[in-house]
Amino acid sequence: MADAASQVLLGSGLTILSQPLMYVKVLIQVGYEPLPPTIGRNIFGRQVCQLPGLFCYAQHIASIDGKRGLFTGLTPRLCSGVLGTVVHGKVLQHYQECDKVEDLGPGNVQKEVTPSFDQVIKETTREMMARSAATLITHPFHVITLRSMVQFIGRESKYCGLYDSIVTIYREEGILGFFAGLIPRLLGDIISLWLCNSLAYLVNTYALDSGVSTMSEMKSYSQAVTGFFASMLTYPFVLVSNLMAVNNCGLAGGCPPYSPVYTSWIDCWCMLQKEGNMSRGNSLFFRKVPFGKTYCCDLRMLI
């Protein structure tokens, strides 16, 4: 119980600290660019025309709604985080209790401690079930969080309170409205998890020397690296999921003429791929001007 409480407190603290970052990221993901590009330098020192980064974007939001405005959508996101942590822990606890029952059974033989690919499959499957259950339960709060952020674009007040947002979604879209963008989000989580754990197992088994004294530290580093690599590959699923969560919801940021109406998440995926915007919002600091976009930027300064 104490461990679960500490996880909830830690998760809530990280959620509060990262809220402005997520706010900016979501607005960039839906394509909202209120600030013109500026002249900056890339990693090679060359002058380039780039879009404002995280801090400039956050200052723009704060100049309109104040610093408190940077925490728009925090309440439903906190609810999502707390509920997700509890559900995730309960599912894993259920599997642990099942293992204890098996261990206490007659004729039980002590299992090997050496990790095997079968164990990786077993643990990954359990983690997948726990994450999927948590995502399924918390997705309605995730949808409310995204919509409360995106309404900044049109200066609406449609999704301000948690209760009012629930009533609005149910009245306009029914139960399915709470699960907009769920499929790509689930697919992204599942693919990322399996890719991360599989790559980590291959690296730890075949690339690292088991005789190294710092083996446990090396394995933890490999897990972090493979996790980052997997999240980069599955980022398009996150982008499509967030776009579908606000698509055609009555907000300016999710409706024409600002944003097209997608018939499905596959249609959204294909359109983003065609436009070359599959990585939109992935970077918050070095943001290149998208190809085909026109801004008031004097490109002659780049020569």
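Which residues are buried in α8? In this predicted model, the buried residues of α8 are Tyr235, Pro236, Phe237, Leu239, Val240, Ser241, Asn242, Leu243, Met244, Ala245 and Val246. Eleven of the twelve residues of the helix are thus buried, with relative accessible area under 20%, so α8 is largely enclosed by the rest of the structure. Just after α8, Asn248 adopts a positive phi of about 55°.

A packed pair of helices is described by the angle between the axes and by the distance between them. Helix α4 (residues 117–150) packs against helix α5 (residues 162–173) at an angle of about 100°, and the two axes are 11 Å apart. Because an angle from 65 to 115 degrees counts as roughly perpendicular, α4 is assigned to that class relative to α5. On the α4 side, the contact is made by Phe141, Val143, Ile144 and Arg147, while α5 contributes Leu162, Ser165, Ile166, Ile169 and Glu173. Sorted by class, this contact contains six nonpolar, one polar and two charged residues.

The model also contains an open sheet of three strands in the order β1-β2-β3, paired in antiparallel fashion. Strands β1 (38–41) and β3 (287–288) stand at the edges and have a single partner strand each, so one side of each is without a neighbour in the sheet. Strand β2 (residues 47–51) runs antiparallel to β1 and is joined to β1 by four bridges. Thr38 has Gln50 of β2 as its bridge partner.

How values were computed. Residues are numbered from 1 along each chain as its sequence is written. This is a predicted model: local features need pLDDT of at least 70, side-chain atom pairs count only at pLDDT 80 or more; totals for chains, interfaces and linings use all residues. Side-chain values use heavy atoms; hydrogens and water are left out. Two strands pair if DSSP finds at least two bridges between them. Helices (H or I, at least four residues) and strands (E, at least two) are DSSP runs, numbered from the N terminus. Axes are lines fitted to C-alpha atoms, for helices over the stretch in contact, and angles run from 0 to 180 degrees between N-to-C directions. Angles under 35 degrees count as roughly parallel, over 145 as roughly antiparallel, 65 to 115 as roughly perpendicular and the rest as oblique. Contact means heavy atoms within 4.5 Å. Ala, Val, Leu, Ile, Met, Phe, Trp, Tyr, Cys and Pro count as nonpolar, Asp, Glu, Lys and Arg as charged, and the others, Gly among them, as polar. Buried means under 20% relative accessible area, exposed over 50%, partly exposed in between (1.4 Å probe, protein chains only).
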